[in-house]
Amino acid sequence: MIGFIMKKAILVLFLVLFCPPIISAQRINTTINSVWRFHKGDINTSVKAIATENWQIVNLPHTWNDRDAFDEIPGYYRGTCWYVKELRVPLEWKEKRVVLQFEGANQKAEVYLNGNLLGDHIGGYTAFAFDLTDGLKYGEVNTVLVKVDNEHDENIPPLSGDFTFYGGIYRNVRLIVTEPVHFEICNDASDGVFVETPLVNEQKALVTINGSIENNTSERKKIVVETLIIDKDRRVVAEKSSRFLLPPESKTGFSIEGLHIPAPKLWSPESPYLYQTITQIREEDNTAVIIDKAVLPLGIRWFEFDNEGSFLLNGKPLKLIGANRHQDFEDLGNALPDSYHYNDLKTIKTLGFNFVRLAHYPQAPEVYRACDELGLLVWSEIPIVNEISQSREFSNNCLHMQQEHIRQTRNHPCVIFYGYMNEVLLGLQYDRKLTAADHQQTVAAILDLAKKLNMLTKTEAPDRFTAMALHYYQEYNESGLTEIPDVVGWNLYFGWYYEDLGDLTKFLSEQHARYPKRPMIVSEFGPGADTRIHAETPAPWDFSEDYQNVMHASYLKQMMDMPYLSGFAVWNFADFGSDGREDTIPSVNQKGILNFNRTEKDVCGLYRAYFTHEPVLHIASRNYAWRTGLETSEGTGTCIDSVWVFSNQDKIELLLNGKTLGQKKVEDHQVSFEVPFKNGRNLLNAIDENGHSDQIVINYNVVPLHLNPSGVGDLAINVGARVSFFDPGTKVMWIPDRAYTPKSWGYVGGVPFTKNDRQLKTGISQKILGTDCNPLFQTFVEGIKSYRFDVPDGKYRLTLCFAEYISRGSKSDLINNFSFGDSPVSTPEPREFGISINGKDSLDNLNLERDYGDLRAVTFDFIVIAENGTGIKVDFHAIIGKALLNGIRISSI
Ligand code: GCB
């Protein structure tokens, strides 16, 4: 033991004598996310007198809208809340600078230190920092109090938008402690040191580092600033230093130019090679000590558009294959730990994308870091969405936000486009009260702001392109707005909000013919989809996964065939919170190719097939493995359904329970098979010519076409619908409806309000209260006379489902419930009806609105005996208005 201690002592002595001392006085940079206290609502005492001991303990990132933005009560809390953090500050920090940095707080913040206001910040998506040094009590506990407010403010963008404006300190808070001589920290919460590459080609890259250094001492300081560029193996590939004289209490700009890297390894999505720049400060008379250090990523790449508007990276054409991304997640709102951000970008990368649009606002620092590392090109933008305010304050806030955004992100090689407006004419297009003169004046104000933002962006980031996203509205071209940014992004929803899928090519080819040199991107496209909904004949607005497959397949084929289109970005990577939405999942925009919790929708397989290099075979039934369907012809016990396989292979053979269904050629990365499913377990196996395979088990419940005499186990009908709806809670599959035919089942009389035909009755899109099964209650048959099941004699449970609806005034409001302007809503038509089952009065005077309220799920379970071979017949007797039925289920008991 003594020998061991001796050996250890000798080793320590050796290290002390022969190793250089630790000479780096590096800054501390740490999150302080744990144990804050939170108070919902404002306070009415003075800041100095607040009692915070009983406030709720929370960790950051935190939002107060993770629940209420998804509950049944309209709206969510938009107002003031408070946070407090106790901060023990060591005595030794007295000689240092201490800075508090917020990566984001939505949307206004006021920060107090020990009861004194440090400052405020406007805007929910950019970082901000305050220097605490002068107000700190060293060797004691200090109190940081933060007031955060997410109330609507006419002077702060976004004014409106199809996403939830969750409030809170929803990103990291960091504490940064430096020596008194340090790189600037409070320059719009940027790195304070900036990396530029004024010249890049395959032979060489020239790198410039610039920024500012603060001297917070009362002495003149002679310093050396040196920059090293190191490669991935930490070998120094370029190096330079300069001397500077810093006056006392000063800020001095510096620039280190001409760092030369011969034959650089280029950064690209395929090979995201990153160098690092290490810029450090030493005192001239004590060069052994590094007093501050900035380590930044360096990706060497260049990009441009050719004369036809095609994008080139490092001199080679590259189609931008992208996904848009919102920053929230199921149950967390926008308060995501960094690893959630990273996982999203990683998923985007593995689906084969090379491009991300961070819509509609700057995102967390981790997002840009991940994109550098993973090789994802980025379009980043500020949230001027749908409309502007014409006040000077609004425009100043927008300009400052863009400045912060750029300063905070421009060190990231991934960023290629800076955007500043999304569909900014939308509000104006739908404002029916605007006079022609006001309209003109608003357009002029928008143009003016766009020009200012474009100019600021070019000044702050001369080495990036400016971009703007537009909706399908000619005034963007006519007003001259499209002439302002370098890149025009079109958000296009042909085959969803308007017209047909094929109109995409027509529109874009016309645009290209009119503006042949204009760089053009499809910055959004995609339909809403719900993995619980499936359709044999998919159609717009049915919210089926199948229509999502159809629409994406059609867009991909068209867009990949357009050499003049520089790229596109799917709307959206994942479903996201949008409080005003009432599709089939209330408060959620369902256009994600992944669900809100990041489980995949089937269309992900199509993207993999198109854009990844590994062999892909994907049987598109991942979320439809439990099926119920009607026998295709009587007595066969078979139900023929189409099954799609997405693949990047040439030919696919599909086998059902080991028996081949033939081999087919894959076209446009997909192929479909008609599969004769039998009742029970069906094993599907897809194989290609090289032996790659995919398999899935589909459990099928084949419903006999004629119910007599084989009987019925459980039959649930999504009344009025052409789609099936699976309720994962009860595991009941509600199958599409049909008109009654003898020996079978169906409705008699009335008009089905399906959700999948824009030409016919469209069903409703409003949120239904008291249920998670919106799709079941959003379609119905109105004016129904009877519902019949020709079941054998026996005892049954019969479930009837109803919801009174409110009709919206016009068809366009029905199909796009997120529209602007007045969307006239009429109260329910008066309606009262009675129901008899097999001739027996069972419900009298049912008045849904009066007795339950409108848009509320109402169900009744009856025990019914079928006898004398007459089956079950439910008759509806209208008393006032028309009877209606939303769902019906029978099960033998
Ligand atoms: C758009 C908007 C986006 C919406 C999307 C939609 O064009 O830019 O914010 O979420 O449409 O789903 O309607």
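This is a predicted model: local features need pLDDT of at least 70, side-chain atom pairs count only at pLDDT 80 or more; totals for chains, interfaces and linings use all residues.
The angle is about 25 degrees, and the axes of H4 (residues 392-409) and H6 (residues 436-460) lie 10 Å apart. The crossing of the two helices is right-handed. On the H4 side, the contact is formed by Phe394, Ser395, Cys398, Leu399, Gln402, Gln403, Ile406 and Arg407. H6 contributes Leu449, Lys452, Leu453, Leu456, Thr457 and Glu460. Classified by residue type, the contact between H4 and H6 comprises 7 nonpolar, 4 polar and 3 charged residues.

The structure also contains 5 cavities of 30 Å³ or more. At least two lining residues come from each of strands E12 (193-200) and E18 (286-298), and E12 makes the greatest contribution, with 3 residues. The lining of the largest cavity is divided into 4 nonpolar, 4 polar and 5 charged residues.

The second largest cavity has a volume of about 70 Å³. This cavity is likewise lined by 13 residues, with Phe163, Thr164, Tyr166, Gln327 and Tyr361 situated nearest its centre. Its lining includes 6 nonpolar and 6 polar residues, together with 1 charged residue.

Key. Residues are numbered from 1 along each chain as its sequence is written. Side-chain values use heavy atoms; hydrogens and water are left out. Axes are lines fitted to C-alpha atoms, for helices over the stretch in contact, and angles run from 0 to 180 degrees between N-to-C directions. Helices (H or I, at least four residues) and strands (E, at least two) are DSSP runs, numbered from the N terminus. A crossing is left-handed if the near helix is turned anticlockwise from the far one by less than a right angle, and right-handed if clockwise. Contact means heavy atoms within 4.5 Å. Ala, Val, Leu, Ile, Met, Phe, Trp, Tyr, Cys and Pro count as nonpolar, Asp, Glu, Lys and Arg as charged, and the others, Gly among them, as polar. On a 1 Å grid over the protein atoms alone, a cavity is a set of points where a 1.4 Å probe fits but cannot get out, and a pocket is an open set with protein on both sides within 12 Å along at least five of seven lines; lining residues have an atom within 4 Å of a point. Grid points are joined across faces, edges and corners, and a volume is the space filled by probe spheres set on the points.
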